[in-house]
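Let's take a walk through this one, starting inside and ending where the chains meet. Keep the viewer open as you read.

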Amino acid sequence: MSRRRLVVLAVVGLQTVVGCAPGTPDGDSWRIDAQRAVSDASSAVQSAELALNQSSEDRVFDRYLQTVVLDSEKALGAAGDHIAARQPPRSERERYDAVTGQIDAAADLVSAARIAVVDGETYRYDGLAKSLADAAEALQSLETDLEHPPE
Amino acid sequence: MKKVFAVALGILTAIGGFVDIGDLVTNAQVGARFGLSLGWVVILGVLGICVFAEMSGRVAAVSGRATFDIVRERLGPRMGMANLLASMAVTLLTFVAEIGGVALALQLVTSVSYVLLVPFVAFIVWLILWRARFSVMENVLGLFGLSLIVFAVALWQLGPDWGELLHRMAVVDKPGDEQWRTWAYYAVALFGAAMTPYEVFFFSSGGVEERWTAKDITTMRANVFIGFPLGGVLSLAIAGSTAVVFGPLDAGVDTLGQVGLPVAVALGKIGLAIALVGFVAATLGAACETGLSVGYSISQYHGWQWGKYVRPDVAARFHLVLALVTIVATCVLLTTVDPILVTEASVVFSAVALPLTYLPILIVANDEDYMGGHVNGRLANTLGTVYLGVIVAAAAAAIPLMVVTRMGS
């Protein structure tokens with residue numbers, strides 16, 4: 001093998017190894033990821049809330065409601081896992097805690113909604129829908145906050 | 001009277017058969033995020049599919065052969081293979097998405113995980129492909145697919161500001177919080193969903209299955225030019241419904257369950273039940289069409305006996321392909337890959353494969369040896385050429401936009 005080929009192979013190999021190493025994303029990149037996760041979480045919470053409200057008015061089937069709430073729970077889990085796996089830059093540590101904390105809290109609420117739906121505890125729907133509305137509002141506020149770098 | 005009935009039935013099944021999982025998901029997503037600001041893409045795509053479906057239908061009616069049966073003969077094995085590989089890969093991906101779509105629709109009815117339903121759905125699809133008569137399959141599923149009209153009723157019932165909704169469609173603009181590149185990504189995805197290659201595979205091969213002749217060209221044109229645009233109206237109604245319900249919430253749509261919620265809001269359980277029938281019929285119909293399209297294109301390329309109008313033992317290799325692709329689709333879905341993600345990928349890759357699907361149609365439809373006096377006229381050629389330019393632009397932009405926007409996120 002010629003020396004030139006060896007050098008090319010070495011450079012490509014080195015780049016591959018370096019590329020596979022976990023790095024700390026810059027602030028903008030992390031904020032975009034965080035915004036996406038919070039936006040996905042907010043959509044999932046609002047869908048669960050909408051479905052619960054419709055069920056309270058007897059406008060959706062129980063099994064349909066169950067599937068929608070379960071999908072929301074999965075979406076929240078995926079959003080939480082996605083952002084939790086991203087190393088935040090030092091300047092964003094505080095908001096990292098806020099993002100993961102709020103998504104976890106919303107996930108707990110949707111899990112509670114799923115349990116109520118599967119158990120047929122319809123009397124809890126209105127209260128859960130109200131809590132979900134509050135959680136969605138908080139997530140949307142956080143999403144807006146994430147549009148700008150920390151002060 | 002019989003003729004009128006045939007035309008009406010053809011139009012109704014064309015409307016019901018127009019919407020598939022790609023249209024359902026993409027239109028709902030776009031409606032929630034962009035309102036009807038991308039409605040013009042649906043209109044552009046519907047007009048495009050009309051142009052090329054009419055050409056491929058005319059080829060089938062005049063020559064008695066499916067378009068892609070002729071492609072290899074007319075353009076040679078190399079071009080035929082390129083056409084086969086590109087279109088086949090996308091159609092197979094769409095087939096996976098459609099089977100997943102049926103399973104997701106049934107999950108909404110049963111609350112049983114879609115993964116557990118996939119083998120059952122795949123078996124039903126294979127059984128229909130093997131046993132059901134072509135006309136029964138097409139007409140029954142197409143007519144049940146018409147249930148999706150419930151989205152138009154729901155939109156009307158939701159009482160949107162029609163002026164604002166239509167104004168959005170008339171101006172090329174995006175919501176303030178969205179980026180132009182994301183807007184462009186969804187424009188390409190919508191275009192790909194409307195012009196999915198399997199639609200022309202199925203349309204031209206179906207014409208041969210139903211033994212069209214030159215006398216059937218008028219009926220075929222009525223199906224295309226009335227049925228497909230009305231199918232496009234269904235797509236717009238889906239986008240409009242999610243725009244009205246999810247738009248003000250600033251919430252996205254990522255699941256089939258969310259797609260049906262606007263109907264529940266507007267029409268309650270009865271509307272939702274009709275929408276569920278529509279989901280199952282539209283996805284099951286499209287699963288059968290895509291499965292058959294894979295079998296058609298492979299068999300036509302290799303010159304094997306094909307079609308449901310011949311006995312399975314006569315077209316054994318065709319039916320073997322149908323069974324194999326059903327198994328492949330089942331295996332892919334059993335990996336628990338998200339069918340919605342497969343759907344999103346399939347519509348974008350559809351856009352990539354469009355030039356290789358539609359260029360040969362334009363060439364064959366201009367060949368007097370096959371078409372005689374029914375070759376493309378000036379209007380068909382002008383529209384075909386203009387659309388080919390749009391198709392090439394969409395194909396070139398699809399992958400870069402997918403990468404840059406991280407699939408529209």
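Start at B:Ile99: leaving out residues up to four places away in sequence, B:Ile99 touches B:Val118, B:Val121, B:Ala122, B:Val125, B:Ala287, B:Ala329 and B:Leu333. Touching, or being in contact, means that the C-beta atoms of two residues, placed from the backbone, lie within 7 Å. Bear in mind that this is a predicted model, where local features need pLDDT of at least 70, side-chain atom pairs count only at pLDDT 80 or more, and totals for chains, interfaces and linings use all residues. Residues are numbered from 1 along each chain as its sequence is written, while chains are lettered from A and ligands numbered from 1 in the order in which they are written.

B:Ile99 also shows up in the largest nonpolar core, which has 185 residues; B:Ile99 and B:Leu190 touch the most other members. Helix α12 of chain B (residues 256–302) is the top contributor to this core, with 24 residues. Such a core is a set of buried Ala, Val, Leu, Ile, Met, Phe, Trp, Tyr and Cys residues joined through C-beta atoms within 7 Å. Buried means 20 or more other C-beta atoms within 10 Å of a residue's own, exposed means 12 or fewer, and partly exposed is in between.

Now look at B:Pro119, which sits in helix α5 of chain B (residues 114–131); helices here are DSSP runs of H or I, at least four residues, numbered from the N terminus. B:Pro119 counts as partly exposed because 13 other C-beta atoms lie within 10 Å. Its C-alpha atom is 9.1 Å from that of B:Leu333, 214 residues apart along the chain.

Finally, the contact between the chains takes 20 residues from chain A and 20 residues from chain B. On the chain A side, α2(A) gives the most, with nine residues.

How values were computed. Helices (H or I, at least four residues) and strands (E, at least two) are DSSP runs, numbered from the N terminus.
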